[in-house]
Amino acid sequence: MKRDYLMITASLSLAAVAYMFGTAAADELPKLKEKKNYKVGFSQTESNNPWRLAETQSVKDEAAKRGDQLVYTDAAGSAAKQVADVNSMIAQGVDVILLAPREEKPLVPAVMAAKKAGILVILLDRRVDPVAKPGVDYLTFIGSDFVDEGKRAADWLAKKTNGKATIIELQGTTGSSPANDRHTGFVEGIKDHPDMKIVASQTGDFARDKGRQVAETLLQAHPDATAIYAHNDEMALGAIAALEAAGKKPGSDVIVISIDGEKDGLQAIADGKLACSVECNPRLGKKAFEVIDKYAKGEKIPTWVKSDDRLFDDSNAKENVATAY
Ligand code: GYE
């Protein structure tokens with residue numbers, strides 16, 4: 001009894017201290033005052049591909065347009081550095097943190113630390129592990145439906161091949177939400193096609209050269225492969241290079257499909273080397289700042305601000321090259 005009482009008073013006084021210092025209660029999102037200008041942190045995970053660069057540019061452009069101060073960091077592909085980057089933003093007292101989390105699990109503590117410090121977090125382009133909840137621990141996730149992207153890629157391939165394919169899968173960054181979900185969605189999409197099989201699956205870390213190296217090894221082990229499913233265009237372009245080096249014709253000997261819709265990807269479709277790319281829009285900056293404004297005004301924000309993505313193949317890739325990133 002006495003112990004319970006002590007514990008209750010201890011947690012009550014913790015809540016009181018949290019209140020005094022302006023930090024949020026455990027079940028409540030940090031508040032955001034309506035202001036003319038905000039100090040916004042943007043924690044980018046890496047800058048090694050056109051998708052990332054387009055995303056960063058869209059955030060920088062929107063901040064500049066509004067006259068908001070942007071604190072920008074690049075974790076250079078390290079989850080540990082990204083946690084440190086977020087902690088430094090907390091120390092600098094930013095109003096909001098836009099976080100593009102590299103991996104699902106290691107970034108949860110960063111989300112929780114910001115919440116504890118009373119700083120609002122918005123997840124941009126990737127998710128964290130569901131132990132951190134939108135609408136409770138962070139405001140919302142702004143980005144695409146990765147499970148659906150994987151499913152759409154599988155559906156397209158099933159149609160193209162009449163449900164017959166021996167598939168090599170090049171996965172994205174291990175432990176990242178798009179890699180996990182694009183795999184899940186694709187597996188779901190081929191499950192009713194007994195003649196579609198993934199014979200090898202390995203990470204190419206969303207990077208072109210890694211994708212090329214991994215594709216080279218996997219093609220040697222599986223010379224009978226008829227399709228390559230890459231979790232992004234960069235790895236698909238690497239795989240196309242590997243196929244050509246092995247004397248195979250991408251597009252006819254092996255069908256390559258992917259996700260993103262970057263300029264080089266669309267050009268590869270126009271050239272007949274890449275078969276299709278499910279769009280994943282990186283230009284999320286405008287939406288992010290709109291969400292900040294709405295939340296400060298007291299509007300209700302959905303737990304997922306979903307992108308509306310197209311699919312590119314030889315029917316529409318060429319006309320979209322010019323406006324792609
Ligand atoms: O597809 C890839 C990038 O997180 C949705 O990350 C994003 C993915 C995108 O590196 O090209």
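**The ligand and its surroundings**

In this predicted model, an oxygen atom of the ligand lies 2.9 Å from an N or O atom in the side chain of Arg182. The side chain of Asn232 also places an N or O atom 2.9 Å from an oxygen atom of the ligand. With Asn49, the separation between a side-chain N or O atom and a ligand oxygen atom comes to 3.1 Å. The place where the ligand sits is the largest cavity.

Now for the rest of the shell. Around the ligand are Asn49, Trp51, Arg52, Asp125, Arg126, Phe146, Pro178, Arg182, Phe206, Asn232, Asp260 and Cys280. Sorted by class, that gives five nonpolar, five charged and two polar residues.

Where does the shell come from? At the domain level, both domain 1 (2-144 + 283-308) and domain 2 (146-280) contribute, each providing at least three residues of the shell around the ligand.

Notes:
Residues numbered from 1 in each chain as written. Predicted model: local features only at pLDDT ≥ 70, side-chain atom pairs only at ≥ 80, totals over all residues. Heavy atoms only, no water. Near = heavy atom within 4 Å. Polar contact = N/O pair within 3.5 Å; in protein donor to acceptor, adjacent residues only side chain to side chain. 1 Å grid on protein atoms, 1.4 Å probe; cavity = no way out; pocket = protein on both sides within 12 Å on 5 of 7 lines; lining within 4 Å. Sits in = over half its atoms within 2 Å of the grid points. Nonpolar A, V, L, I, M, F, W, Y, C, P; charged D, E, K, R; others polar. Domains from an automatic or database assignment.
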